[in-house]
Amino acid sequence: MSVTDDERRWWKESVVYQIYPRSFNDADGDGIGDIPGIVERLDYLDALGVDVVWLCPVYDSPNVDNGYDVSDYRAILDTFGTMADWEELLEGLHDRDMRLVMDLVVNHTSDEHEWFVRSRAGDPEYEDYYIWREGESVAEQEYEEGLYDPADYDLPREARERPPNDWESFFGGPAWTYDDERGEWFLHIFDRKQPDLDWDCDRVRAEVFEMMEWWFEKGIDGFRMDVINLISKPAGLPDGADDDAIVRGADQFVNGPRVHEYVREMHERAVPDDAMTVGEMVELSVDEAKEFLGPDGDGMSMVFNFDHMRLDFGPEGGRWSRGDWSLRELKETITRWQTGLDGEGWNSLYLNNHDEPRMVSRFGDPAYRRTSAKLLATLLYTLQGTPYLYQGEELGMTNYPFSSLAEVRDVDTLKNVAQLERAGRFASDDDLLELVRYRSRDNARTPMQWSADEHAGFTDGEPWIPVNPNHDEINVDAEREDPESVWHYYRDLIDLRHDENVLVYGSYELLLPDHDRLWVYTRTLTDDDGAVDERTLTVLNVASAETRFEPPEAVAGEAEELLVSNYDAESTTVEAETLRPWEARVYRLQ
């Protein structure tokens with residue numbers, strides 16, 4: 001692939017650092033991270049070399065889902081600070097040549113948002129802002145025969161009504177709640193405190209677009225769009241028809257009939273041409289992604305897909321189960337997106353975020369924490385796409401050793417585990433906690449580990465969620481003092497990506513696709529005539545054991561330079577040899 005000036009974009013050449021503000025840094029000692037705490041750490045981000053900060057929601061919210069239930073899109077939650085604090089953050093980032101991307105949560109709001117309060121009350125101006133429906137009557141005989149239980153829907157014993165359809169919530173249970181005040185059911189694909197907006201309502205879209213323009217006028221550089229491909233629901237809201245859907249009904253409400261119309265309208269009406277937008281997409285194929293991306297699609301810069309994050313789902317329960325994944329599967333999945341979007345879109349590169357467990361615990365090996373963390377970073381920074389670095393990833397932070405559900409704060413974890421307990425899934429409390437330790441979103445939400453001090457230097461107060469006990473060993477102070485640390489390796493990779501066009505724009509080609517331990521690929525830039533201009537080779541031993549590497553003839557021989565390695569290695573010759581556990585090398589080829 002060759003690259004022209006017209007194809008270059010600042011967000012393609014950037015590294016994005018994701019901040020989950022509750023857990024990043026607490027400046028006022030209340031145990032909860034805040035915006036002044038982020039301001040205190042701007043020089044840290046600058047030293048790391050990142051280009052963009054993606055800030056998870058800091059809007060006013062009752063925090064049922066830690067900010068993804070917004071009650072006022074134009075106000076800052078008091079716990080996080082003030083609008084003046086936010087403005088100081090924006091100015092501090094821009095002064096350091098970093099950009100700010102805000103989180104946009106508009107599939108749903110909080111039930112405490114003024115729009116929902118007025119819709120629930122039947123205000124004619126707001127009554128169709130949300131998805132309200134009458135329920136389905138239930139015959140007395142169904143109740144008597146045990147086929148219907150009003151308790152399943154939190155209804156009184158005498159109720160004889162079920163929801164309008166069989167859709168389920170991602171957080172467990174029905175996606176509908178009956179509202180006494182309005183006398184109808186409202187849809188919530190997530191928690192009952194997060195009612196879904198009705199995007200078919202023209203006034204809803206106008207309100208959302210006006211709010212987005214307001215934030216762009218304040219100086220932000222883009223939006224990460226939460227579950228944006230759920231905003232269109234089909235007419236008639238039919239029952240789910242796919243028994244294998246991620247939740248019941250997802251085949252109906254994911255990528256709904258007007259989703260492209262709405263996303264395109266959003267970009268045309270509310271998004272500046274030079275802004276960055278990244279859409280979180282539930283259930284998305286490569287071909288479907290292309291329809292959202294770029295000027296030939298709906299205008300979006302890039303999307304988050306979850307294909308690689310579902311390889312370890314078990315057969316019995318989707319996300320809240322555990323299965324085995326193989327390197328072949330992971331290579332095939334990533335390669336499908338690398339080749340599928342080459343020249344026709346752009347990839348988002350990530351292995352963890354605020355909704356996923358720590359990548360070292362999931363895809364690496366804690367017994368080889370440093371080397372596996374470095375290998376996974378090498379992968380992310382030598383693929384085509386924009387890398388997303390989640391706070392603490394640059395330290396090699398790991399999952400938390402939960403010993404009790406009392407340590408869990410995540411509503412998704414607590415509701416799904418409770419539902420699985422009722423279904424008899426767990427043979428013991430140890431089985432339950434083993435799954436929580438592996439899967440819970442709270443693994444990513446434990447406080448950032450700044451030092452070996454009490455509470456990892458995150459707060460002078462009592463942290464809102466427990467600090468990982470391994471902060472004595474894994475922390476920013478220790479990492480920055482050690483030139484061989486994960487942190488320094490990340491900084492070197494970020495610098496390398498900034499320096500090498502081929503690592504940004506080069507086409508990807510997988511080698512040794514059937515190898516069950518080695519991940520080997522090239523990145524290639526060509527000139528206007530199609531001749532090779534620049535080429536790199538990445539060799540990864542994704543295993544906790546030594547592995548023999550026999551290079552394909554096309555890449556064997558003397559390389560021009562060894563660009564980076566996570567072990568001491570000096571040879572520039574690509575030759576048959578035994579790679580050490582989790583060894584990673586990147587060569588510039590002749």
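1. Basis of the comments. This is a predicted model, in which local features need pLDDT of at least 70 and side-chain atom pairs count only at pLDDT 80 or more, whereas totals for chains, interfaces and linings use all residues. Residues are numbered from 1 along each chain as its sequence is written, and side-chain values use heavy atoms, with hydrogens and water left out.

2. The parallel sheet. Eight strands form an open sheet with parallel pairing, in the order S13-S12-S11-S5-S2-S1-S15-S14; strands (E, at least two residues) and helices (H or I, at least four) are DSSP runs numbered from the N terminus, and two strands pair if DSSP finds at least two bridges between them. Strand S13 (302-304) and strand S14 (348-349) are the edges, and since each has a single partner strand, one side of each is left without a neighbour in the sheet. Within this sheet, S1 (residues 16-19) pairs with S15 (residues 386-390) in the parallel sense over three bridges, and Gln18 has Tyr390 of S15 as its bridge partner.

3. The nonpolar cores. A nonpolar core is here a set of buried Ala, Val, Leu, Ile, Met, Phe, Trp, Tyr and Cys residues joined through side-chain atoms within 4.5 Å, where buried means under 20% relative accessible area, exposed over 50% and partly exposed in between, with a 1.4 Å probe and protein chains only. The largest core has 141 residues, of which Tyr17, Leu45, Trp86, Met102, Met212, Phe223 and Trp519 touch the most other members. Leaving aside neighbours within four places in sequence, Leu45 is in contact (heavy atoms within 4.5 Å) with Tyr17, Ile19, Phe24, Val50, Val53 and Met98. Another core, of 24 residues, lies apart from the largest one and includes Val138, Tyr148, Trp185 and Phe253.

4. The antiparallel sheet. A five-strand open sheet has the order S16-S17-S18-S24-S21, with antiparallel pairing; its edge strands, S16 (507-511) and S21, each pair on one side only. The twist averages 20° from one strand to the next, with angles running from 0 to 180 degrees between N-to-C directions and axes taken as lines fitted to C-alpha atoms, for helices over the stretch in contact. Helix H12 (residues 369-381) lies across S17, S18 and S24 and runs at about 155° to S18.

5. Strand S24. Five of the five residues of S24 (residues 584-588) are buried, so this strand is largely enclosed by the rest of the structure. Ala584, Val586 and Arg588 point one way and Arg585 and Tyr587 the other, all of them buried. S24 runs antiparallel to S18 (residues 532-541), with five bridges between them, and Leu540 stands opposite Ala584. Four bridges join S24 to S21 (residues 561-565), also antiparallel, and there Glu561 has Arg588 as its bridge partner.

6. The H13 and H14 pair. H13 (residues 411-422) and H14 (residues 429-439) pack at an angle of about 150°, with their axes 12 Å apart, which makes H13 roughly antiparallel to H14 (angles over 145 degrees count as roughly antiparallel, under 35 as roughly parallel, 65 to 115 as roughly perpendicular and the rest as oblique). Thr413, Val417, Leu420 and Glu421 of H13 make the contact with Leu432, Leu435 and Val436 of H14.

7. Thr333. This residue lies in helix H10 (residues 327-341), and Thr333 counts as buried because its relative accessibility is 5%. Not counting residues up to four places away in sequence, Thr333 touches Asp307, His308 and Leu311.
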